[in-house]
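Have the sequence and the 3D structure open while reading.

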Amino acid sequence: MELKEEKRRAKEVAKQNSELRGENRKLRARLKELELSNSKLREKNKELKKLTFVKQRIGNITQVGNTGILRHKYDELMVSLCVNIYITGGCGFRGVHKIISLLNKKLNWGLDQLPCKSTVENWVQKAGYHLYKQIDKTKYEEDYSIIVDECMVMGQERMIGVLGIPAVKTESEPLKLSDADILGIHVKPSWNGDCVSALINTVTLEMGKAPKYVISDGGGNIRTGFVKSGLLRINDIGHQIALFLEQIYKKDPGFIEFNNALALNKFKEVMKPTAYLLPPQRRSIARFMNLSSVVKWAQKMIAIQPKLKPDEEKVFSYIINHKPIIEELNHIIDFVGQILEEIKYKGLSHLSIKNCIKKCESIKNHVYKKAQEVIKKITDYLKSERDKLPDSKTIWHASSDIIESLFGKYKEMKSPNKLHGVTPFVLALSLYTKVDKNEFEVNVNFKTAMEKVYLRDIASWSKTNLIENQVRRRSTMLKTEG
């Protein structure tokens, strides 16, 4: 009996084991199904993060179409907001972080993490690099011209910038940054004619054709480079007229005395109560480019002499002694302003040059002798530029003000430590050429820029076009073991 009972129990156990094995197989199959389903859900979640077309409520602001960016923690909206605050708001990278933090708190965004200073800087550089490399060449399908300038000199670093603009002037207003594209930013210890020519040839190769003409100041190395490249050069009218003023007045005794008096006045009074009336800051190089601001200041100081307090009158009484040269300079500067306005607004054409020459003829007999010499030089210059025009209907540009303005922004933003030199941050300048002033927004596809540009691309560009950062070299050399 016991033997039969054991056999029965053995059969029952075997049956239970068989059922358990079957159930185990079903559970393993179900587990595989769940794992596969979970994997699909993860993939679907990734896709949703790439394109999250959902409504998100941020405080009292509803947004639709907030798009994610591959390899980036933050979405396109955050990148766009930070870069636009930096470019159009005029604050630093730390300022951008503080503004975003304030908005996050006051508008109840509820964001746990916010982009730091370095992150915003990387975004700005990547967006700038994207624009620098992705030039819209359709606007240059006909003819284009370039503006070239040795924009900055710091120690052993000399930076040359190249801007591309449409060759034909079509608008009745001066050139704007939005009319231009940055075609080149290059730094070398020195630039000779061969280097400039090679740079121009590189731009020609990238654009697919040579520029119709080049606008530049009178730098000898740049002029030589244009000659070697066989390009027609149009003189920047602002620099050219400033050069004429310098040639006529630089050695004039009256002007020298006035200039020295200004310098002495500023040196003595800079830390005193009368400092608020001191003359405006002048350029250390090309001083005749902003001579008008000093002359206008002197004219106003003469006019307000009766209103000055005794101590102020004593400090600025010297201006009355220089009234003759001030009036002479004011007269010629007012006339020069009319010439500059005609050419900058209406462009370089047979008609605008004809109007300018008429103005020269009408005033030349009613001004001082030295002013007459300046007017004669301006007349000869206008006639020589007219001969460069292909026909009487052509209207070209003749001002390089925008390149001065653009790279002036970099001078304001760069580190005051000259050892830093030109850094990859200079790529941010491309963004200023795409600012819509009506919308206060940079016109760039941030998603595309962030996804297509890697930091290694910027590092590679820097290695090719810039000089090694001197601060890094100093730090490496002075590093102590320990």
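Two residues are in contact here when heavy atoms of theirs lie within 4.5 Å. The model is a predicted one.

- Ser349 lies in the loop between α12 and α13, the latter covering residues 350–363.
- Is Ser349 buried or exposed? Its relative accessible area is 7%, and because buried means under 20%, Ser349 is buried.

**How α9 packs against α12**

- Two packed helices are described by the angle between their axes and the distance between the axes.
- Helix α9 is made of residues 291–303 and helix α12 of residues 323–346. Their axes come within 9 Å and cross at roughly 130 degrees.
- The two helices α9 and α12 are therefore oblique to each other.
- The crossing of α9 and α12 is left-handed.
- On the α9 side, the residues that meet α12 are Leu291, Ser292, Val295, Lys296, Ala298, Gln299 and Ile302. On the α12 side they are Lys323, Ile326, Glu327, Leu329, Asn330, Ile333 and Asp334.
- By class, the residues in this contact of α9 with α12 are 7 nonpolar, 3 polar and 4 charged.

**How α9 packs against α8**

- Helix α8, residues 253–269, also packs with α9: the angle is about 80 degrees and the axes are 13 Å apart.
- Why are α8 and α9 called roughly perpendicular to each other? Angles of 65 to 115 degrees count as roughly perpendicular, and the angle of α8 and α9 is about 80 degrees, so the pair is roughly perpendicular.
- From α8, the contact uses Phe255, Phe258 and Leu262. From α9, it uses Leu291, Val294, Trp297 and Ala298.
- This contact of α8 with α9 has 7 nonpolar residues, no polar residues and no charged residues.
- Leu291 and Ala298 of α9 are named in the contact with α8, and they are also named in the contact with α12.

**Helix α4**

- Helix α4 runs over residues 117–133 and has 17 residues. From its first C-alpha to its last it reaches 25 Å, close to the 24 Å expected at 1.5 Å a residue.
- The buried residues of α4 include Val120, Trp123, Val124, Gln125, Lys126 and Ala127. Gly128, Tyr129, His130, Leu131 and Tyr132 are buried as well.
- What covers these buried residues? The cover includes the helices α2 (76–89), α3 (93–106), α16 (429–432), α17 (446–452) and α18 (455–465), together with the strand β5 (181–188).

**Two residues with positive phi**

- Arg71 has a phi near 65 degrees, a positive value in a residue other than glycine. Arg71 sits in the loop between β2 (61–67) and α2, and is partly exposed at a relative accessible area of 49%.
- Asn108, likewise not a glycine, has a positive phi near 55 degrees. Asn108 is in the loop between α3 and α4, and with a relative accessible area of 60% it is exposed.

**Glu373**

- Glu373 is part of helix α14, residues 369–386, and counts as partly exposed at 34% relative accessibility.
- How many residues apart in sequence are Glu373 and Glu150? They are 223 residues apart in sequence, and 29 Å apart in space from C-alpha to C-alpha.

Terms used. Residues are numbered from 1 along each chain as its sequence is written. This is a predicted model: local features need pLDDT of at least 70, side-chain atom pairs count only at pLDDT 80 or more; totals for chains, interfaces and linings use all residues. Side-chain values use heavy atoms; hydrogens and water are left out. Axes are lines fitted to C-alpha atoms, for helices over the stretch in contact, and angles run from 0 to 180 degrees between N-to-C directions. Helices (H or I, at least four residues) and strands (E, at least two) are DSSP runs, numbered from the N terminus. Angles under 35 degrees count as roughly parallel, over 145 as roughly antiparallel, 65 to 115 as roughly perpendicular and the rest as oblique. A crossing is left-handed if the near helix is turned anticlockwise from the far one by less than a right angle, and right-handed if clockwise. Ala, Val, Leu, Ile, Met, Phe, Trp, Tyr, Cys and Pro count as nonpolar, Asp, Glu, Lys and Arg as charged, and the others, Gly among them, as polar. The expected span of a helix is 1.5 Å times one less than its number of residues. Buried means under 20% relative accessible area, exposed over 50%, partly exposed in between (1.4 Å probe, protein chains only).
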